Amino acid sequence: MAIINVDRVSEDGHLHTTADVNDAPNELINAVDELLDNLSTKFSKVSTEVFAKMDEMAQRLDELEASIKATADTIEGN
């Protein structure tokens with residue numbers, strides 16, 4: 001948290017210092033935290049989708065491999 005000191009001179013000539021707290025750093029921290037949470041959620045979703053697609057592709061490749069092997073066995077049997 002940033003503290004800003006504000007000096008002023010009163011009518012009687014005395015110097016008065018007050019401290020104002022600046023909330024901008026907290027707002028920035030909160031915004032960054034929210035952004036990181038959103039990115040993490042999106043990354044998890046995309047990762048899940050990618051792994052699902054990879055599993056689907058692996059299954060399709062297994063089926064293709066079995067089909068090719070069956071065709072090769074049929075040709076060799078003739």
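**Exercise 1. Which pattern does the protein chain follow, read along the sequence?**

Solution. The model is predicted: local features need pLDDT of at least 70, side-chain atom pairs count only at pLDDT 80 or more, and totals for chains, interfaces and linings use all residues. Residues are numbered from 1 along each chain as its sequence is written, and side-chain values use heavy atoms, with hydrogens and water left out.

Step 1. Elements are taken from DSSP runs numbered from the N terminus: helices are H or I runs of at least four residues, and strands are E runs of at least two. Step 2. The protein chain contains two strands and one helix. Step 3. Their order along the sequence is β-β-α.

**Exercise 2. State which element has the lowest mean pLDDT and which the highest.**

Solution. Step 1. pLDDT is the predictor's confidence in each residue, from 0 to 100. Step 2. For the protein chain the mean is 84, with 77% of residues at 70 or more. Step 3. Step 4. Where pLDDT is low, the predicted coordinates should not be read in detail.

**Exercise 3. Identify the residues of the nonpolar surface patch.**

Solution. Step 1. Such a patch joins nonpolar side chains (Val, Leu, Ile, Met, Phe, Trp, Tyr) within 5 Å, from residues with over 30% relative accessible area and no salt bridge. Step 2. L28, V32, L35, L36 and L39 make a patch of about 470 Å², the area coming from the Shrake-Rupley method with a 1.4 Å probe. Step 3. L36 lies in helix α1 and is partly exposed because its relative accessibility is 48%; buried means under 20%, exposed over 50%, and partly exposed in between.

**Exercise 4. Determine which residue forms a salt bridge with D73.**

Solution. Step 1. A salt bridge requires a side-chain nitrogen of Lys or Arg within 4 Å of a carboxyl oxygen of Asp or Glu. Step 2. The structure holds one: D73 pairs with K69, their closest N and O atoms lying 3.2 Å apart. Step 3. The two residues are four apart in helix α1, so about one helical turn separates D73 from K69. Step 4. D73 is partly exposed at 41% relative accessible area, whereas K69 is exposed at 52%.

How values were computed. Patches are made of residues with over 30% relative accessible area and no salt bridge: like charges are joined within 9 Å, nonpolar side chains (Val, Leu, Ile, Met, Phe, Trp, Tyr) within 5 Å. Buried means under 20% relative accessible area, exposed over 50%, partly exposed in between (1.4 Å probe, protein chains only).
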